[in-house]
Amino acid sequence: MPLMKKCKNIALVAHDNKKKDLLEWAVYNKGSLLKHKLCATGTTGALLKDALGCEVLRYNSGPFGGDQQIGAAIAEGKIDILIFFWDPLNQLPHDPDVKALLRLAAVWNIPVACNRATADFLISSPLFDSEYENVLPDYKPYLERFNK
């Protein structure tokens, strides 16, 4: 079982129509967020760095593969929490990447917040600032079907 350390690796992503919401939420929760390591997709990362005054590891913008880069980091165990304020009312050309990112978060059993209310509940949990044993599903039977 992977152990999430007290200092979490948090990925922050927001579609264009949700960047303002994410920035407001991040600034409001700055004290809690700065205890952790932050990463984000391109533009969102630059905005967060300016708003929070801290280092933010920046991946490419979403349409240029940033969602996929964050998904790969999740699969490698390098991200513990995904805060993704996505826009449910606008279809985007990179929607398949968004779906893949959310699927990887589910596969690797990491907490995901897709809106402000869920992010508030997540950040206010006592688990947010403590170690956590992440129980992963047993994918061995699934993988064995394809390795015969």
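Tutor: Let's start with K19, which is buried at a relative accessible area of 12% (buried means under 20%, exposed over 50%, and partly exposed in between, using a 1.4 Å probe and protein chains only). Keep in mind that this is a predicted model, where local features need pLDDT of at least 70, side-chain atom pairs count only at pLDDT 80 or more, and totals for chains, interfaces and linings use all residues. Residues are numbered from 1 along each chain as its sequence is written, and side-chain values use heavy atoms, leaving out hydrogens and water.

K19 forms a salt bridge with D16, with the closest N and O atoms 3.7 Å apart (a side-chain nitrogen of Lys or Arg within 4 Å of a carboxyl oxygen of Asp or Glu).

Now for K20 and E24: their salt bridge spans 2.9 Å, N to O. Both sit in helix α1, 4 residues apart, or about one turn (helices are DSSP runs of H or I with at least four residues, strands runs of E with at least two, numbered from the N terminus). K20 is exposed at 58%, while E24 is partly exposed at 35%. These two also join R116 in a network of salt bridges.

The ring centres are 6.2 Å apart and the planes at 55°, so the pair is tilted (Phe, Tyr and Trp rings, taking Trp's six-membered one, pair with centres within 6.5 Å; planes under 30 degrees apart are stacked, over 60 edge-to-face, the rest tilted). W25 is buried at 1%, and F85 is buried at 3%.
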